[in-house]
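Visitor: Hi! Could you walk me through this structure in simple words?
Guide: Happy to. Let's have it in view before we start.

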Amino acid sequence: MARRSNPAVRIAQETAHSAMFDSEGKPKPGVHNMLLKAVQIQRPLVVGYIRRLQKKHPRATAAQLADIAERDYLRAVAGGGALVGATAVVPGVGTVASLGLSAAATVGFLEATALYATSLAELHGIRLTNPEKAGTMVMAIMLGEEGTALLGTLSGQASGGPNNTWGNALSKSMVVPGFGSVRKRIQHAFLKNLLKRQGTALFGRALPFGIGAVVGGAGNLVMGRAVAKNAREAFGPMPDTIPGELTAAAGPDNLTLEGNTFGSQR
């Protein structure tokens with residue numbers, strides 16, 4: 001006897017899709033801007049996060065701080081996905097409300113990724129004071145080899161490494177030749193891949209009966225691990241010493257972030 005599908009699952013999937021896409025399957029107006037804005041983190045937030053880690057671990061090397069940041073990141077994105085998925089079992093939280101939380105979880109995942117990736121850049125001595133350039137780097141890292149290869153075209157270097165010149169190019173305050181064109185290509189590939197991957201995760205987090213808690217947390221963890229691997233490969237080995245500006249962590253800290261977890265920092 002054929003197993004009948006659960007109508008609640010079908011309704012959740014259809015509602016999730018209609019919340020993000022139009023009748024032609026294209027993202028609705030505002031979706032792209034929401035996703036792109038989420039990766040454009042402000043540098044004071046990044047410096048504040050690193051300084052907080054330094055105060056907790058005053059003898060940690062740059063490599064050890066990077067490992068701690070990675071653990072924080074994976075714990076945050078996996079926990080966020082599970083918490084959102086678990087709301088499906090709470091009485092009174094319907095499918096539409098659950099989808100709203102799923103969208104928030106997607107933004108939270110991107111903001112956590114931006115904080116993590118840009119923190120690694122700072123530990124490598126790459127200072128991204130321009131949020132648009134920072135966001136472009138985050139998108140490229142999420143894309144993996146395709147993204148870092150595109151960044152490499154800014155400086156003629158096709159991949160990352162201990163002396164990745166694309167990082168130096170992005171950290172400059174002046175206009176980088178070809179940046180607009182490269183950003184558009186990275187942005188297009190990023191949105192295409194993100195909507196494809198998050199589409200499945202979005203459906204999973206909207207499933208009823210607690211299934212979403214498992215799907216959401218597991219899905220975010222898989223994506224988070226992929227991001228961490230991409231970041232390590234993009235930046236290469238950590239420097240032996242912590243960049244000069246970050247060694248002042250013991251002094252007055254006016255940039256410390258509130259809270260102890262990643263997520264929405266704006």
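Guide: What follows is a short chat about this chain.

Visitor: Where does the model come from, and what got counted?
Guide: This is a predicted model: local features need pLDDT of at least 70, side-chain atom pairs count only at pLDDT 80 or more, and totals for chains, interfaces and linings use all residues. Residues are numbered from 1 along each chain as its sequence is written, and side-chain values use heavy atoms, leaving out hydrogens and water.

Visitor: What is the average pLDDT of the chain?
Guide: The average is 77, and 68% of the residues score at least 70. pLDDT is the predictor's confidence in each residue, from 0 to 100.

Visitor: Which stretches fall under 50?
Guide: Residues 157-163 stay under 50, and the model has 16 contacts for them beyond four places in sequence. Residues 250-266 are also below 50, with 41 contacts beyond near neighbours in sequence. A contact means heavy atoms within 4.5 Å.

Visitor: OK, new topic. How many helices and strands are there?
Guide: The chain has ten helices and zero strands. Helices (H or I, at least four residues) and strands (E, at least two) are DSSP runs, numbered from the N terminus.

Visitor: How much of the chain is buried?
Guide: Of the 266 residues, 50% are buried. Buried means under 20% relative accessible area, exposed means over 50%, and partly exposed is in between, using a 1.4 Å probe and protein chains only.

Visitor: Which residues touch the most others in the largest nonpolar core?
Guide: Leu110, Met137, Phe190 and Phe235 do, in a core of 66 residues. Helix H5 (residues 95-123) supplies the largest share, eleven residues. A nonpolar core is a set of buried Ala, Val, Leu, Ile, Met, Phe, Trp, Tyr and Cys residues joined through side-chain atoms within 4.5 Å. In soluble globular proteins, nonpolar side chains tend to be buried together.

Visitor: And what does Phe190 touch?
Guide: Leaving out residues up to four places away in sequence, Phe190 touches Leu36, Val39, Leu110, Met139, Met142 and Leu143.

Visitor: How many aromatic pairs are there?
Guide: The count is two. Rings of Phe, Tyr and Trp (its six-membered ring) pair if their centres lie within 6.5 Å; planes under 30 degrees apart count as stacked, over 60 as edge-to-face and the rest as tilted.

Visitor: Why is the Tyr73 and Tyr116 pair stacked?
Guide: Their ring centres are 4.7 Å apart and their planes are at 5°, so the pair counts as stacked.

Visitor: What about Trp166 and Phe235?
Guide: That pair is tilted, with 5.8 Å centre to centre and 40° between the planes. Trp166 is in helix H8 (residues 165-171) and Phe235 in helix H10 (residues 211-235), so the pair ties together parts that are 69 residues apart in sequence. Trp166 and Phe235 are buried.

Visitor: Is Arg183 buried or exposed?
Guide: Arg183 counts as buried, because its relative accessibility is 10%. Arg183 lies in helix H9 (residues 179-206). Beyond its neighbours within four places in sequence, Arg183 contacts Gln40, Glu132, Thr136 and Met139.

Visitor: Last one: why is H3 called largely enclosed?
Guide: Eleven of its 14 residues are buried, so H3 is largely enclosed by the rest of the structure. Among the buried ones are Arg43, Gly48, Tyr49 and Gln54.
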